[in-house]
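Dear colleague,

Please find the structure below, followed by a short account of what was found in it.

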Amino acid sequence: MLTLTDNARTAVHDLQTQAGVPEGGGLRIAESADQAGSVARALVPAAPPADPVGDAREAKVFVESATAPTLANLTLDTDPNAQGPAFVLTPQG
C-alpha cells in the first residue's frame with residue numbers, strides 16, 4: 001500500500017485545512033486521464049466508495065482502486081526543491 005512520509009502527511013493535512021476540505025475528505029490519487037502512465041492528484045470532499053485509504057491519520061490519501069497496484073510499493077513525499085506544495089513518488093526503502 002502507498003505510504004506517506006511525515007513531510008507528505010503534513011503537506012496533505014495543510015492543503016486539506018487551507019482548502020476547507022471536510023473531515024471525511026482528502027487527497028485522491030488516480031491515473032491521469034490526460035497523460036498515460038502518470039497520476040493526477042486532487043482534493044476531494046469525501047472518499048470515493050471503491051478507493052482504499054492510503055493513510056488514515058491526520059491526512060487522508062485515497063488511491064483509485066485501479067491505480068492502487070501501481071502505487072503499492074511507493075512512498076509519497078514532498079519535493080523540497082519545489083515552490084509551494086509538490087509531491088513525488090519514490091520506491092519504498
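Arg 9 counts as buried, at 4% relative accessibility, where buried means under 20% relative accessible area, exposed over 50%, and partly exposed in between (1.4 Å probe, protein chains only). This is a predicted model, in which local features need pLDDT of at least 70 and side-chain atom pairs count only at pLDDT 80 or more, while totals for chains, interfaces and linings use all residues. Residues are numbered from 1 along each chain as its sequence is written, and side-chain values use heavy atoms, with hydrogens and water left out.

The side chain of Arg 9 forms a salt bridge with that of Asp 6, at 2.6 Å from N to O. The term denotes a side-chain nitrogen of Lys or Arg within 4 Å of a carboxyl oxygen of Asp or Glu, and by this rule the count comes to one. Helices (H or I, at least four residues) and strands (E, at least two) are DSSP runs, numbered from the N terminus.

Turning to the strands, strand 6 (residues 74-78) is mostly covered, with four of its five residues buried. Strand 6 runs parallel to strand 1 (residues 3-4), joined by two bridges; Leu 4 has Leu 76 as its bridge partner. Strand 6 also runs antiparallel to strand 7 (residues 87-91), with five bridges between them, and Thr 75 is partnered there by Thr 90. Two strands pair if DSSP finds at least two bridges between them.

With kind regards
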